[in-house]
Amino acid sequence: MTGENPRVVRKESLRQQVVRNIRNQIDAGVLRHGQALPSTRELAERWGVSVFTINEAMQDLVKDGVVVAKSRSGRIVHAPDQAEHHEMRTATPHVLLIGGYAGSGKTELGRILARETGWPMLDKDTLTRPVVEAALELLGSSPNDRESDSYLSQVRPREYEALINAMTENVQCGNSAIVTAPFIKEFKDMAWLNRIEASCADLNATVTVVWVYCDADTMNTYIRHRGAARDMSKLDNWLTYLSGIDVEFRPPVPHEVINNSASGAPLQTQARDLVSRIAQPV
């Protein structure tokens, strides 16, 4: 295992939480260069913090140069490097399997890595969510259900099958791929991990398992902020949810750890370090 020790947990202020998450969204391309940020009051409502906290966070972002304040337009995202096109070619395809609990930041990491390398990003929710929701409704369940036997036994296996098939198709075409999903069950299953590695090896591709670590408080903040319906049951029963997961879990195979807690470096910095460690461009 490589990467820094994420078990050193540092308490993060509300101001720091806002700064880190907005910075991650800019680095991931969710917030675009030239885009106007919502008003201070609207951001305060979204984050559930005071107007004072938002103003402090904006001061930090302006100081970092990723946000500029304009008298008439308000605060504007400043990320001119988003227009740059990166394309990293490697001698053989490379697959990054990125897993983590809800709210850990795995999708943001995947987007940042995709921007850094030019490799296709395959996110489970993006690829399968509309079909999954329709299937759950046909089964008589809520489209936001992720806990019932119907979902776990009939729908979830097909989600991951579709995701891995998309990955395999890219590798067959000689492309690397960034694959993001929770992978909670899969990363605990040595047989599954061995099958993926063997199938990629048959296609002359290398697999890197990446685990995104995030402490419980930071995960809660992110989940609350994104406001997804599928997360409501977690938030309504947060302590019960936490008791059912192992925040300190690590995959039982050689892997990379990305620390998206307060104690971690910016995601973009960690993403670039990860690429430099695992992929040698041709």
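In which sense do strands S3 and S6 pair, and over how many bridges? S3 and S6 pair in the parallel sense, over six bridges.

## Basis of the model

The model is predicted: local features need pLDDT of at least 70, side-chain atom pairs count only at pLDDT 80 or more, and totals for chains, interfaces and linings use all residues. Residues are numbered from 1 along each chain as its sequence is written, and side-chain values use heavy atoms, with hydrogens and water left out.

## The sheet

Five strands form an open sheet with parallel pairing, in the order S4-S5-S3-S6-S7. Strands S4 (121–123) and S7 (255–259) stand at the edges with a single partner strand each, so one side of each is left without a neighbour in the sheet. On average, neighbouring strands of this sheet are turned by 20° against each other, direction ignored. Strands (E, at least two residues) and helices (H or I, at least four residues) are DSSP runs numbered from the N terminus, and two strands pair if DSSP finds at least two bridges between them. Strands of a sheet pair through backbone hydrogen bonds, either parallel or antiparallel.

## Strand S3 and its partners

Strand S3 (residues 94–99) runs parallel to strand S5 (residues 177–180) and is joined to S5 by four bridges. Val95 stands opposite Ala177 in S5 and opposite Val207 in S6. Ile98, in turn, stands opposite Thr180 in S5.

S3 is mostly covered, with six of its six residues buried; buried means under 20% relative accessible area, with a 1.4 Å probe and protein chains only. His94, Leu96 and Ile98 point one way from S3, while Val95, Leu97 and Gly99 point the other way. In a regular strand the side chains alternate between the two faces of the sheet.

## Helices across the sheet

Helix H7 (residues 190–202) lies across S3 and strand S6 (206–213), and runs at about 140° to S6. Helix H11 (residues 267–278) lies across S3, S6 and S7, at about 165° to S7. These angles run from 0 to 180 degrees between N-to-C directions, with axes fitted to C-alpha atoms, for helices over the stretch in contact.

Helix H1 (residues 14–27) has 14 residues and reaches 20 Å from its first C-alpha to its last, close to the 20 Å expected at 1.5 Å a residue. That expected span is 1.5 Å times one less than the number of residues. H1 is largely enclosed by the rest of the structure, because 10 of its 14 residues are buried. Among them are Val18, Val19, Ile22 and Ile26. H1 is followed by Gly29, whose phi is positive, near 80°.

Gln25 is found in H1 and counts as buried because its relative accessibility is 17%. Leaving aside neighbours within four places in sequence, Gln25 is in contact (heavy atoms within 4.5 Å) with Val30, Leu31 and His225.

## The cavity

A search of the whole structure finds one cavity of 30 Å³ or more. The largest cavity has a volume of about 60 Å³. A cavity is a set of points, on a 1 Å grid over the protein atoms alone, where a 1.4 Å probe fits but cannot get out; lining residues have an atom within 4 Å of a point. The volume is the space filled by probe spheres set on the points.

The lining of the largest cavity includes Arg20, Asn21, Asn24 and Gln25, as well as Tyr222 and Asn260. H1 and helix H8 (216–226) each supply at least two lining residues, and the largest share, four residues, comes from H1.

Notes. Buried < 20%, exposed > 50% of the residue type's maximum accessible area, 1.4 Å probe, protein only. 1 Å grid on protein atoms, 1.4 Å probe; cavity = no way out; pocket = protein on both sides within 12 Å on 5 of 7 lines; lining within 4 Å.
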